[in-house]
2 protein chains.
Amino acid sequence: MAEARATLLVIEDDAEIRRFLRSALAAEGYKVVESANAHRGLVDAASHKPDLAIVDLGLPDFDGLQVIRGIRGWSPMPIVVLSARAREHAKIEALDAGADDYVTKPFGVGELLARIRVALRHRARSREGVVVLVLGEATVDLEARKVTRRGKDIHLTPIEYRLLACLAAHLGMVVTHRQLLTEVWGPTHQADTHYLRIYMKQLRDKLESDPLRPRHFVTETGVGYRLVCDD
Amino acid sequence: MAEARATLLVIEDDAEIRRFLRSALAAEGYKVVESANAHRGLVDAASHKPDLAIVDLGLPDFDGLQVIRGIRGWSPMPIVVLSARAREHAKIEALDAGADDYVTKPFGVGELLARIRVALRHRARSREGVVVLVLGEATVDLEARKVTRRGKDIHLTPIEYRLLACLAAHLGMVVTHRQLLTEVWGPTHQADTHYLRIYMKQLRDKLESDPLRPRHFVTETGVGYRLVCDD
DNA sequence: TTGCGGCGTAAAAATGCCGTTAGGAATCGC
DNA sequence: GCGATTCCTAACGGCATTTTTACGCCGCAA
């Protein structure tokens, strides 16, 4: 099952492995870009700005380590190394050069996919400056005030947005009715908890995959609401 | 060469491997905390707040996966799994459960150290000053109003939560019936000690490992109740 | 043994909150 | 001004939570 369509860059000279990876990754819903050599890989990494790079160490033109260092020079994108070299020294070298993981050939697809998920998970969490929430099939960019769902833009009214922002400010924590009402409607409306119910439904309808069984806008009966995010 | 004296938690039942890891990690300048079983591991993870946890999957008391989920329930600390199980399925399971890396035994120390460096490198710093109670296999984040047990979220009703908070406020000390009733139900219900029995059972059912033999919600006959924590 | 008080357990009954819907008022853009 | 959007009000059914009610267990003392 795919996250919101991440782009993966595969830098690998062996055409067969490339084909194999392409189908496996595409089947998971990833968008795949391929480069057959180190030079091309560096160019593609810069131009496509993928969410993750899979790098073979044994490349024809120059060493995979240089690719890692090259990418690391300007981007923190996760790098998963794929290599036939199982020697410990090679692994240490690659990891210390900036790789995030090292998988030796032959490898199981399932494991590789799992490690890719881990790497993408990290990236999602480490982007602290840009506040982007991932709520199932919806994403919320608090800074840009942009909300999308399945790639399409979703429009939020001012109140809906303030409510969401208030919940997001205390991500994972319970925000009391009182807090929400004061933040969104002002201190004079602390009693009108029914506003919350209505607008909470709006948000759920717009952002939850299954609005009838909310997974992200969780109600804490008698207390308030909680926004849960999946990393 | 050491990072700035990070604390590492080793959860491993084999005493020999533990000793081996201790010396290897200490030689790198890490501070090492050790736990010999899963239960102890979860407690130590919460009380010592290490920068990273190394978890063996084959633990005697319960599965290492539960340790991973248990820690993930309240902390984003990096988790490196160490395991004799090389089956792909085991790896996928652990990684998807929230582990950041998976190293199979036998392993090279150098590789393990490199992978630890990677994990520490992109460690997202956890929330500062979190108050997390540890009650056996359950954890309680009072501020976020979040309770987990074996990694799964537990839902508390408002009264259950207030009762727990009241006990936690006087951690380790006896809280009288009178106090509890006044705090939770208000001064008019000081006679209904009956409520306490009912909700105390709810809390024990939800949080105690063995609700019939409570270890944390201790009753002081004729006086009140006491909350006992692990650290 | 028997009765009693404190405690634990269980399930039904009552309460109040919450989700949902629809329609009308206010506001904004044109 | 007019339409469209946004916001507020009101009502109802369902359900989580709370409260009530009832019973079994244990230790203790008469």
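Ala, Val, Leu, Ile, Met, Phe, Trp, Tyr, Cys and Pro are counted here as nonpolar, Asp, Glu, Lys and Arg as charged, and the others, Gly among them, as polar. On that basis the surface near DNA strand C in this predicted model has five nonpolar, eight polar and six charged residues.

In total, 19 residues surround DNA strand C, and the closest include A:R204, A:G222 and B:R204. Helix α8 (193-207) of chain A and α8 (193-207) of chain B each supply at least two residues of this surface; the largest share, four residues, comes from α8(B). A:G222 uses a backbone N or O atom, which lies 2.7 Å from a phosphate oxygen.

B:D101 pairs with A:R115, with the closest N and O atoms 2.8 Å apart. This pair crosses between chains, from strand β5 of chain B to helix α5 of chain A, and both residues are buried. B:D101 and A:R115 also belong to a salt-bridge network that includes A:K91, A:E111, B:K91 and B:E111.

Within chain A, A:R149 and A:E137 form a salt bridge at 3.0 Å, N to O. A:R149 counts as buried because its relative accessibility is 16%, under the 20% limit; A:E137, at 25%, is partly exposed. In chain B, B:E137 and B:R149 meet at 3.2 Å. B:E137 lies in the loop between β6 and β7 and B:R149 in strand β8, so the pair ties together parts twelve residues apart in sequence. Both B:E137 and B:R149 are buried.

Notes: Residues are numbered from 1 along each chain as its sequence is written. Chains are lettered from A and ligands numbered from 1 in the order in which they are written. This is a predicted model: local features need pLDDT of at least 70, side-chain atom pairs count only at pLDDT 80 or more; totals for chains, interfaces and linings use all residues. Side-chain values use heavy atoms; hydrogens and water are left out. A residue is near a molecule or strand if one of its heavy atoms lies within 4 Å of it. A polar contact is a pair of N or O atoms within 3.5 Å; within protein, one must be able to donate a hydrogen and the other to accept it, and residues adjacent in sequence count only if both atoms are side-chain atoms. A salt bridge is a side-chain nitrogen of Lys or Arg within 4 Å of a carboxyl oxygen of Asp or Glu. Buried means under 20% relative accessible area, exposed over 50%, partly exposed in between (1.4 Å probe, protein chains only).
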